Amino acid sequence: MSEAAITLDDLTLAYDRRPAVQHVSGVFPCGSLTAIVGPNGAGKSTLLKGIVGLIRPSRGRVTCASGRAQIAYLPQQAEIDRSFPIMVGDAVAAGAWRRIGVMRAIGPDIRGQVQDALSAVGLEGFARRPVGSLSAGQFQRVLFARLLLQDASIILLDEPFNAVDQRTTADLLRLVRHWHGEQRTIIAVLHDYEQVRAHFPTTLLLARRLLEWGPTANVMTPANLHRMRGMSEDWEEAGFCLPEAHR
């Protein structure tokens with residue numbers, strides 16, 4: 001078995017003492033490419049926040065073999081304030097802040113890396129554009145360019161292809177495959193089952209509790225998806241569903 005990049009040990013995460021993720025245990029091996037799939041309210045985004053350390057476990061623990069400093073986290077676009085007056089190049093350069101520090105000037109080496117990252121995501125020549133002027137797809141490309149500057153061994157993506165066009169999705173999926181080829185550990189919350197089946201060899205099926213975790217073909221079965229939908233309907237009947245940002 002490959003070395004563990006992230007280990008979940010009986011992990012429970014809660015909001016206002018109401019569990020959103022309960023008793024999840026398992027391992028993300030180093031270099032693995034995993035999709036997290038589940039219905040609305042399943043705790044998928046919450047699980048990512050627990051891994052990155054934004055939510056403290058109410059029970060159990062998360063262990064990152066290389067430390068959380070090696071995690072790059074991309075939240076949903078809805079959680080990012082695009083009104084802040086910043087240029088695209090500076091937004092991408094922010095990915096290097098662990099290397100250069102918050103107050104230090106951005107030198108020519110980092111500027112060169114920013115240009116390379118923008119070219120890699122199809123935004124060559126965009127460095128001096130305001131972030132607020134970009135389309136949703138262009139902004140997502142900027143966020144992926146920032147991930148390139150972070151150069152982390154573990155990458156967490158929350159709905160990375162939501163509300164972007166097909167061309168952008170295809171380009172960003174190619175970048176995800178490139179990262180996978182570099183043996184980075186990638187975990188992505190996704191809702192498009194065909195994307196999962198086509199591009200992600202491992203799937204974690206979550207419905208607040210862990211339903212299945214393993215090879216995608218074994219997890220994304222009609223029986224498992226039917227069981228998942230049934231649990232979602234039970235939550236709706238009970239009148240409890242997490243806010244969108246915590247799903």
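**Reading a helix pair and some salt bridges**

A: Let's start with a crossing: in this predicted model, helices α4 and α5 cross in a right-handed way.

Q: At what angle do α4 and α5 pack, and how far apart are their axes?

A: Helix α4 covers residues 108–120 and α5 covers residues 136–150; they pack at about 135°, with axes 9 Å apart. Angles over 145 degrees would count as roughly antiparallel and 65 to 115 as roughly perpendicular, so α4 and α5 are oblique to each other.

Q: Which residues of α4 and α5 meet?

A: From α4 you have I110, Q113, V114, A117, L118 and A120, and they meet A145, L148 and L149 of α5. Sorted by class, that contact has 8 nonpolar residues, 1 polar and no charged ones.

Q: What about charged side chains, and how many salt bridges are there?

A: The general idea is that side chains of opposite charge can pair when their charged atoms come close. Here the count is 10 salt bridges. One of them joins R59 and D10 at 2.8 Å, N to O. R59 sits in strand β4 and D10 in strand β1, so this pair ties together parts 49 residues apart in sequence.

Q: Is K49, the partner of E79 in a salt bridge, buried or exposed?

A: K49 is buried, at 8% relative accessible area, while E79 is partly exposed at 34%. Their salt bridge is 3.4 Å, N to O.

Q: Where do R197 and E194 lie?

A: Both are in helix α7, 3 residues apart, about one turn of the helix.

How values were computed. Residues are numbered from 1 along each chain as its sequence is written. This is a predicted model: local features need pLDDT of at least 70, side-chain atom pairs count only at pLDDT 80 or more; totals for chains, interfaces and linings use all residues. Side-chain values use heavy atoms; hydrogens and water are left out. Axes are lines fitted to C-alpha atoms, for helices over the stretch in contact, and angles run from 0 to 180 degrees between N-to-C directions. Helices (H or I, at least four residues) and strands (E, at least two) are DSSP runs, numbered from the N terminus. Angles under 35 degrees count as roughly parallel, over 145 as roughly antiparallel, 65 to 115 as roughly perpendicular and the rest as oblique. A crossing is left-handed if the near helix is turned anticlockwise from the far one by less than a right angle, and right-handed if clockwise. Contact means heavy atoms within 4.5 Å. Ala, Val, Leu, Ile, Met, Phe, Trp, Tyr, Cys and Pro count as nonpolar, Asp, Glu, Lys and Arg as charged, and the others, Gly among them, as polar. A salt bridge is a side-chain nitrogen of Lys or Arg within 4 Å of a carboxyl oxygen of Asp or Glu. Buried means under 20% relative accessible area, exposed over 50%, partly exposed in between (1.4 Å probe, protein chains only).
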